[in-house]
Amino acid sequence: MIETVTETAKEKPDVKIKIQRFGSYLSGMVMPNIGAFIAWGLITALFIPTGWMPNKDLAALVGPMITFLLPLLIGFTGGRMVYDIRGGVVGATATMGVIVGTDIPMFLGAMLMGPLGGYVIKKFDKLIEGKVKSGFEMLVNNFSAGILGGALTLIAYKGIGPVVEALSKALASGVQFIVDHNMLPLANIFIEPAKVLFLNNAINHGILSPLGIEQATKAGKSILFLLETNPGPGLGILLAYWLFGRGTAKQTAPGAVIIHFLGGIHEIYFPYILMKPMLIFAAMAGGVSGVFTFNILDAGLVAAPSPGSIFALLAMTPKGGYFATLAGVIVATAVSFGVASLILKTSKAVDEDLTSAAAKMEEMKGKKSSISSVLTSTQDTFVPEVVNKIVFACDAGMGSSAMGASILRNKVQKAGLDVKVINTAINNLPADADVVVTHKDLTDRAKEKLPNATHVSVENFLNSPKYDELVNNLKG
């Protein structure tokens, strides 16, 4: 049977969970709109004067897209996260104030005004709930959104826009100072550990991408797009496991390499580091050396690559920049591989199982493990007959959760179970979810969102002997 745990009291969120939640909101405003960012990046790479096919008429699209389209999409998404479509409309309207009130791409302003607009209209609707006479609902709804949206637009235009512009310019100047003094590689000393704590989307899309886009509008490219997305550090660690690892870790590493390097889902290598924390130094060394190489070769991308696949990096590389991009990835991989190999070759074998306790249990039972298994679970008791929907959730709802949901869906279908399996972001967990599957570092946040659902913790997206036990439990 799967071990059951009953939550007796709702724990107060710790600092890590609060940071993850804040970062999730930042990245949640950008991630759904990545397609638009890629479209802008491709048009920029193709048609600007230094692009692959310079075209003055088509290049005229670049400015309006970066100035109006992308900030408005972020503002709408931010407002919608707070109060659905109605919040999104007011949030986008309010965002227009910071756009027109400044002369730089207003991404930070959009991240502020979008949620603020959603929050204001949400509070207003609660205030008048049950007080509007029958027949006047549409009139009140439309005019309240219009009046509040217009007021917030004026406030943003006159007050908030200039403040955010000054802040954006200060941050950009600080980043430029770091770049000019060759200090940028040191950033990965903090970025790599933060990624493993599932702050990767917050760092990339909440902080680096807005600053990188401002650089790209002026210089045509930005090195900031390469800091978090470089697949080299993770690739080096996985290759080291492939060659020098033992047991299940060695067996699953080749599949993880494909998912990480080609598929761009970096979360796949996080459990390998969490299993042996010393490997974080390999990731840090790879990240620092990669960025150092990018810096000296003047590498940069035209837009944020998402996911962090080598294909996405090459697609966002400007004309003449392929050598610099590939060199940074190769150097990061080599350095990370060297450090990770040394750690693995000098460490004890007992520490190198992805789920050592579970593997021992399998060995004792004589039960075959599956390379495609995903879950190591800690869950509440549930009745199999009432489980209709399983939701695989991650921070952004697009990377590891999509992969995990696909594997889980196949296993459920093969077992002949009539259970729906979907993936989503933690912030968008549906209320009708019966079972919620998350990585163990994100389970507390998922429990806060849906305390009454059954929660299953994932340790590794590719391997866990508890997965088959979960399916058997669902079969009753």
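Where is Phe190 found?

Modeller: Phe190 is found in helix 7, a helix being a DSSP run of H or I of at least four residues, numbered from the N terminus. The model is predicted, so local features need pLDDT of at least 70 and side-chain atom pairs pLDDT 80 or more, whereas totals for chains, interfaces and linings use all residues. Residues are numbered from 1 along each chain as its sequence is written, and side-chain values use heavy atoms, without hydrogens or water.

Phe190 counts as exposed because its relative accessibility is 64%; exposed means over 50%, buried under 20% and partly exposed in between, with a 1.4 Å probe and protein chains only. Together with Phe177, Ile178, Met183, Leu186 and Ile189, Phe190 makes a nonpolar surface patch of about 570 Å². Such a patch joins nonpolar side chains within 5 Å, from residues with over 30% relative accessible area and no salt bridge (Lys or Arg side-chain nitrogen within 4 Å of an Asp or Glu carboxyl oxygen). Helix 6 (137-180) and helix 7 each give two or more residues to this patch.

Beyond four places in sequence, Leu227 touches Leu184, Ala187, Asn188, Ile191, Glu192, Leu208 and Val291, where contact means heavy atoms within 4.5 Å.

Definitions and conventions
Patches are made of residues with over 30% relative accessible area and no salt bridge: like charges are joined within 9 Å, nonpolar side chains (Val, Leu, Ile, Met, Phe, Trp, Tyr) within 5 Å. Accessible areas come from the Shrake-Rupley method with a 1.4 Å probe; for residues, only the protein chains shown count as cover.
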